[in-house]
Amino acid sequence: MAKKKLKKAAKAKSKPAAKKPARKAAKASKPAVKKASAKPAAKKANGNTPRPSSKPYGMDGKALTGVRILDFTHVQSGPTCTQLLAWFGADVIKVERPGVGDITRGQLVDVKGADSLYFTMLNHNKRSITIDSKHPQGMRVLNALIKSCDVLVENFAPGALDRMGLTWDYIHKLNPRMIVASVKGFGPGPYEDCKVYENVAQCAGGSASTTGFRDGPPLVTGAQIGDSGTGLHLALGIVSALYQRIRTGRGQKVLCAMQDGVLNLARVKLRDQQRLKHGPLTEYSQYGEGIPFGDATPRAGNDSGGGQPGRILKCKGAPEDPNAYIYFITQAPVWGPICDLIGEPTWKTDPEFATPRARLPKLNQIFARIEAWTMTMTKFDVMNACNAVDIPVGPILSMKEIAEEKSLRDTGTVVEVDHPVRGKYLSVGNPIKMSDSISEVTRSPLLGEHTDEILTKVLGFKANEVAEIKNSGALSAPEKKEKAA
Ligand code: CAO
């Protein structure tokens, strides 16, 4: 109950109503976030430090309250970023092409007539306005948005924003405080003009060459490290740029290339690439198997990246149950408890097994013995038995099990959201928990749902101006021409 009240209050606080319409704000040349920070300044205790809020935690707005985002993103990478910013309280205005919107609205459709889960799960807490950016009246609205927003986020193909006329110089002239944040497939260099999707980035960022088994082809991973991973990187760049702007008063460009984002997440594999010069990678299974290394970091199957031998082992029910497996690490400090649990107490002192170095050539034998033990129990029983003696293990949880896991529901990591067209569905909530900026997940917008509200309440257009813009066709899909008989 108290929790509910807390959330309500936080929601009320973060309503964008606190802002004046953009055109008025623009006249007074006070962009959005400056207005928001003007208030706390009044209650400064000394110098630059505001007095600590007297409101209870979670009831004094959110981390990004007062920040307004012009969200020009589509598909996955950009929307991941702006959804995170929205969860932190930013007012995210998603600009979509009239009639179609973000292409994902219609991709992988499961409920006919409803926005796909692909779209809904990446666009929570945002508002949607439809604008044809290539129409002069559309550009009129975009200009007003640029003046009123703090950040423009986009992940168009290279050059597309410039082709719309929205070059950095143009944007910066309209609003010198604007931060322009972009996802691209590649950074400057031979591939900078290429269009890129998730798996392209996983391959070009070094992840695929190091994922899979040594004797099999490269593999991509199910975690969307290229799209969602880069969106996450971009969000950090944006909040850092907002922080720097407090000091400098000016915006800047923020660029995250998907190749760079993937490589950042695969950095331990570049570590191993350099270690190769100094000898074999002894923690890789192929070392124990006597298989020589080549000149590039090899695929390591399920070996642990942290230097402690690890494998995925069968539990009771495998292989019929495709997820009855557990990740088991033979971490050196817990070797004794492992030997006791699996019924091999002599391995604790036997020189053939007692040290990590002695064990390396025998990993297949050791893991086969551990697996004989794990196969007698369910993955959860193995987890309980191991955790009781501080042995870290990881049950392979299916998406079904994750969807049903109560603790994830309790923390808001998995949330049920109601949607006017599709009804209830599950989504992943904000994985970053903050004690004074509490996220609630609200449904994704329908296409153009907030067009009128943004034109009038955010941008301050008068009724006759709204009519003029609308009548021009800049906000609606072109009418389909009747086919000649
Ligand atoms: N009004 C008018 N035109 C619009 C518009 C609007 N509101 N929104 C988009 N457009 C236009 C763009 O201006 C562009 O036109 P031009 O090609 O004439 O300049 C056109 O729509 C297509 O945009 P796009 O090239 O970005 O889209 P695409 O489907 O061809 O490519 C993608 C998609 C993702 C490959 C490309 O955007 C890209 O490489 N983005 C950067 C990397 C990235 O984020 N990839 C992750 C995608 S998720 O897997």
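Cys339 counts as buried because it has 22 C-beta neighbours inside 10 Å. A residue is called buried if 20 or more other C-beta atoms lie within 10 Å of its own, exposed if 12 or fewer, and partly exposed in between, with C-beta atoms placed from the backbone. The model is a predicted one, in which local features need pLDDT of at least 70, side-chain atom pairs count only at pLDDT 80 or more, and totals for chains, interfaces and linings use all residues. Residues are numbered from 1 along each chain as its sequence is written.

Cys339 is found in helix 14 (residues 335-342). Helices (H or I, at least four residues) and strands (E, at least two) are DSSP runs, numbered from the N terminus. Leaving aside neighbours within four places in sequence, Cys339 is in contact with Glu344, Pro345, Trp347 and Lys348. Contact here means that the C-beta atoms of two residues, placed from the backbone, lie within 7 Å.

Ile246, in helix 10 (residues 227-248), counts as exposed because it has 11 C-beta neighbours inside 10 Å.

| Pair | Apart in sequence | C-alpha to C-alpha |
|---|---|---|
| Cys339 and Ile370 | 31 residues | 8.9 Å |
| Ile246 and Arg177 | 69 residues | 9.8 Å |

**The chain as a whole**

The protein chain has 21 helices and 13 strands. Of its 485 residues, 37% are buried. Among contacts with a separation of 6 or more, 69% are between residues 24 or more positions apart.

Six strands form an open sheet with parallel pairing, in the order 5-4-3-6-7-8. Its edges are strand 5 (126-130) and strand 8 (253-257), each of which pairs on one side only. On average, neighbouring strands of this sheet are turned by 20° against each other, direction ignored. Axes are lines fitted to C-alpha atoms, for helices over the stretch in contact, and angles run from 0 to 180 degrees between N-to-C directions. Two strands pair if DSSP finds at least two bridges between them.

Strand 3 (residues 68-72) runs parallel to strand 6 (residues 151-154), and four bridges join them. Within this pair, Asp71 stands opposite Val153. Strand 4 and strand 5 are also parallel, with five bridges, and Lys94 stands opposite Ser128 in strand 5. Four of the five residues of strand 5 are buried, so that strand is mostly covered.

Helix 4 (residues 77-87) lies across strand 3, strand 4 (91-96), strand 5, strand 6 and strand 7 (179-184), at about 145° to strand 6. Helix 11 (residues 258-265) also packs on the sheet, touching strand 7 and strand 8, and its direction makes about 65° with that of strand 8.

Why is helix 4 described as largely enclosed by the rest of the structure? Eleven of its eleven residues are buried, so the helix is largely enclosed. These residues include Ser77, Thr82, Leu85 and Trp87. Helix 4 is followed by Gly89, whose phi is positive, near 105°.

**Nonpolar cores**

A nonpolar core is a set of buried Ala, Val, Leu, Ile, Met, Phe, Trp, Tyr and Cys residues joined through C-beta atoms within 7 Å. The largest has 60 residues, of which Ile69, Leu85, Leu152 and Ile238 touch the most other members. Beyond four places in sequence, the contacts of Ile69 include Leu85, Val92, Ile93, Val151 and Val153. Another core, of 14 residues, lies apart from it and includes Leu313, Cys315, Ile338 and Ile391.

An open sheet of three strands has antiparallel pairing and the order 9-10-11. The edge strands, each pairing on one side only, are strand 9 (310-314) and strand 11 (393-395). Strand 10 (residues 325-329) and strand 11 are joined by three bridges in the antiparallel sense, and Phe328 stands opposite Val393 in strand 11. Helix 16 (residues 363-374) packs on this sheet, touching strand 9 and strand 10, with its direction at about 40° to that of strand 9. Helix 17 (residues 379-388) lies across strand 10 and strand 11, at about 160° to strand 11.
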